[in-house]
Amino acid sequence: MNIGKTSLRPKRYSMIKIFCLYFQALDEVYKKPMYSTDYVEKLYNGFKKHCKTDFEFICYSDTPVKADKVIPLPKDSVIKRHWHKLKFFDKEFTGDGDIIVLDIDQVVVNDITEMVNYPVSDNELVSYTKWWTSNKENIPINGGWYKFKAGSLKFVHDKYMNNPEKWQTHYYNNRTVHYKYYGEQNFVYDTCVENGTKITKMPGQWIAKYDKEYDKNLRYNKMYMEAFNEDYMILGEGLNDNIKIVHFANVWNNIHDNNESWVRENWK
């Protein structure tokens, strides 16, 4: 028996890569940075505290930030704001492995390992269940979290780069979004649908949507309760045990302006 030929080789291990984007440069629409660098640091700290699987946290940034790796963001580019995230769909940029793309306006509040390890296949996009919208015409995913196999959705990057100036105002011009240069998640979703991509949504109980406005949070609580048959989403200082991450989406919905104790306890 030739033992050398029949012995098993160890499988190649590829660490999950978590990418985020940070930009401080001003443009003609917003006259001041929306977020400070500690948004990246505190998101990174949240993953280090609440994730039991190995990962590499990478930030594409025009400013020094705390991360496992920082890739310089071009300061002079026709690409605007969130649209730089489409670079993460290019395997030549990210390298191999499972890729997670995050927005930085989020607070990790519980063990997030199950979300980080959520299974994904080629030509599949994993995102949040967008339970907080009742508009049936709205897209069913949220750009705060994408997971996919490196390079398997490269058509997203390629289509955008064929005409970036067109696409980054397309959804504003047709009134799908209300802020100039928004619509990146709409582009990702539409392009994936065009290419027959499997769209997978993680359990909605894991994600909370939170706002600076009290009335909106009451509405989100009611929607969460009705969608998942729960007693509450966030009640005073209490968080539903199912919630792993809280998304402070929407313009100027700043985490740093929130003084609730559950935010201070987890965002540090």
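Helices (H or I, at least four residues) and strands (E, at least two) are DSSP runs, numbered from the N terminus. By that assignment, Asn123 belongs to the loop between helix H4 (113–116) and strand S6 (124–127). The model is predicted, so local features need pLDDT of at least 70, side-chain atom pairs count only at pLDDT 80 or more, and totals for chains, interfaces and linings use all residues. Residues are numbered from 1 along each chain as its sequence is written, and side-chain values use heavy atoms, with hydrogens and water left out.

**Whole chain**

Along the principal axes, the C-alpha atoms fill a box of roughly 75 × 45 × 40 Å. The radius of gyration, taken over C-alpha atoms, is compared with a globule rule of 2.2 Å times the number of residues to the power 0.38. For 268 residues a compact globule would have a value near 18 Å, and the chain has 19 Å, which agrees.

Colour next by accessibility, where buried means under 20% relative accessible area, exposed over 50%, and partly exposed in between (1.4 Å probe, protein chains only). Buried residues account for 53% of the 268 residues. A contact means heavy atoms within 4.5 Å. Among contacts in the chain with a separation of 6 or more, 73% come from residues 24 or more positions apart.

**Two loop residues with positive phi**

Most residues other than glycine have a negative phi. Select Arg81, in the loop between strand S3 (69–72) and helix H3 (91–94). Phi of Arg81 is near 45 degrees, a positive value in a residue other than glycine. Is Arg81 buried or exposed? Arg81 counts as buried, because its relative accessibility is 7%.

Return to Asn123, whose phi is likewise positive, near 55 degrees. Asn123 counts as partly exposed, at 26% relative accessibility.

In the loop between H4 and S6, select Pro119 as well. Pro119 is exposed, with a relative accessible area of 59%. Leaving aside residues up to four places away in sequence, Pro119 touches Glu124 and Val126. For a distance across the model, draw a line from the C-alpha atom of Pro119 to that of Tyr232: the two are 113 residues apart along the chain and separated by 28 Å.

**Salt bridges**

Side chains of opposite charge can pair when their charged atoms come close. A salt bridge here is a side-chain nitrogen of Lys or Arg within 4 Å of a carboxyl oxygen of Asp or Glu. How many salt bridges does the structure hold? The structure holds eleven.

Select Asp103 and Lys85, which form a salt bridge with the closest N and O atoms 2.7 Å apart. Asp103 lies in the loop between strand S4 (98–102) and strand S5 (106–108), and Lys85 in the loop between S3 and H3, so the pair ties together parts that are 18 residues apart in sequence. Both Asp103 and Lys85 are buried.

Asp98 and Lys147 form a salt bridge at 4.0 Å, N to O. This pair links distant parts of the chain, with Asp98 in strand S4 and Lys147 in strand S7 (residues 145–149), 49 residues apart. Asp98 counts as buried at 16% relative accessibility, and Lys147 is buried with a relative accessible area of 1%.

Asp96 has 33% relative accessibility, and Lys91 has 39%.

**Helices H5 and H7**

Move to helix H5 (residues 154–162), where the buried residues are Val156, His157, Lys159 and Tyr160. Their cover includes helix H6 (164–173) and helix H7 (184–194).

Why is H7 described as largely enclosed by the rest of the structure? Eight of its eleven residues are buried. These include Glu184, Phe187, Val188, Tyr189 and Cys192. The buried residues of H7 pack against S6, S7, H5, H6 and strand S8 (198–201). End the tour at Gly196, which follows H7 and has a positive phi near 70 degrees.
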